[in-house]
Amino acid sequence: MFHLDEKQLYLSFWRVVTYAGIHYTQGMKSLVSGIQPSGVPTIGHILGTVKNWRHYQESYRCHFFIADLHAITVQQDPAVLRANSLKLLAFFLASGVDPKKSSVTIQSHVPQHAELSWLLSCFTHLGELSRMTQFKDKSASHSTKAEPFGLFAYPVLMAADILLHEADFVPVGADQKQHIELTRDLVIRFNHRYGEVLKMPEPIIPEFGARVRSLQDPTKKMSKSDSNAQGYISIDDAPEVIVKKIKKAVTDSVGVVAYDNERPGISSLVEMYSVLTDQSVDAVEVAYQGVGYGKFKKDLADVLVSIIEPIQIEMKRLLGDEDYLDSLMSAQSRLVISRTAPYLRKIKDAIGLL
Ligand code: AQP
């Protein structure tokens, strides 16, 4: 597994090539990452994934996508899903994704994702899927036997997303590690049968910020679909809402600003502050020695606002220009379809499909 260490960024510069308006450096390793439009992104998405995308696109051939096919594994209101998908596209761009350097698509606009998912499902064991903790967690909210098959098959579609783009690296939060392991097992199984066709991906999991926790239940991950909006900071939250949510974040009565596994509430806030300000946890602890939670929470809220506000302003501008977003979506999906179709053909040839 790769951790976020500049030294480990694989740089192999040969020469720059331009393909359908996107400038790539030949020989660059590739990287894939996506987010579901199952709600409005949270600070967990910024810290766990998007924060690093801007840097990745300088060093890797990146593909970023809005995982709408994944989102429908849980029931979605059609109008809300459409709005969230566009909002997520604007969020990607406002966070620094540059369509001249990286490709960015809506997953359902590239049918190869779903097609490869079916092919891979024929190599996936039911037992493997039933061991996935995300399936167990999410299916717990359904009445018995009413879980959709798509929720069960979610990791296979995720494997298809990664393998279709021949990704060398996949930056994910710690909760997704099990899905990447399944993808790697599928590569071994498939290649053992058909030769070296699928590329083996490596996860990139940041040591810190890989699992931003709920502000109300710090034993749980912060999630955009949490029924308690006090549990997350969303990209839609106004500055005063952010301040209030952080003020109400669950801590303890010890009153010492420190990272301590026995105190998940304050530890989670310390971790968030350390990642947002690029300081070590030790430095944060020293800076807040003898200072109560009140001052620390105020500073954390200020940092959050300073990061979220510029993204909000840029998102608003982009969402006001639907023509631009529409033409970007069509141009990018055409590009990605033409790039991935020959590789999918190669996979089908290997299996023996005429
Ligand atoms: N709280 C988090 N901390 C760190 N990383 C996170 N990610 C999401 N939440 C956190 C990372 O973002 C990537 C894409 O996530 P996603 O939205 O597609 O799916 P998710 O992980 O299921 O996110 P949510 O917010 O919990 O969505 P819902 O509520 O719809 O299930 C992943 O790499 C993820 O780790």
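On a 1 Å grid over the protein atoms alone, a pocket is an open set of points where a 1.4 Å probe fits, with protein on both sides within 12 Å along at least five of seven lines, and its lining residues have an atom within 4 Å of a point. Its volume is the space filled by probe spheres set on the points, which are joined across faces, edges and corners.

This is a predicted model, in which local features need pLDDT of at least 70 and side-chain atom pairs count only at pLDDT 80 or more, while totals for chains, interfaces and linings use all residues. Residues are numbered from 1 along each chain as its sequence is written, and side-chain values use heavy atoms, with hydrogens and water left out.

The largest pocket holds about 1300 Å³ of space, and of the 47 residues that line it, Gln134, Lys138, Asp175, Lys221 and Ser223 lie nearest its centre. Helices (H or I, at least four residues) and strands (E, at least two) are DSSP runs numbered from the N terminus, and the table names some that each supply at least two residues of this lining.

| Element | Residues |
|---|---|
| Strand E3 | 30-35 |
| Helix H1 | 43-59 |
| Helix H2 | 68-71 |
| Helix H6 | 133-139 |
| Strand E6 | 169-171 |

H7 gives the largest share of the lining, five residues.

Turning to the interior, a nonpolar core is a set of buried Ala, Val, Leu, Ile, Met, Phe, Trp, Tyr and Cys residues joined through side-chain atoms within 4.5 Å, where buried means under 20% relative accessible area, found with a 1.4 Å probe on protein chains only. In the largest such core, which has 59 residues, Ile43, Phe91, Phe92, Met272, Phe296 and Leu304 touch the most other members. Helix H12 (residues 293-319) gives the most to this core, with 11 residues.

Contact means heavy atoms within 4.5 Å, and, leaving aside neighbours within four places in sequence, Phe296 is in contact with residues including Val257, Ile266 and Tyr288. Ile266, found in helix H10 (residues 264-276), is buried, with a relative accessible area of 0%. The C-alpha atoms of Ile266 and Val250 are separated by 7.7 Å, although the two are 16 residues apart along the chain.

In helix H4 (residues 112-121), the buried residues are Gln112, His113, Leu116, Ser117, Leu119 and Leu120. Seen down the axis of H4, these fall within an arc of 165°, so they line one face of the helix, the arc being that of the directions from the helix axis to the C-beta atoms. Their cover includes helix H7 (149-164), helix H8 (177-194) and helix H13 (322-351).

Definitions and conventions
Buried means under 20% relative accessible area, exposed over 50%, partly exposed in between (1.4 Å probe, protein chains only).
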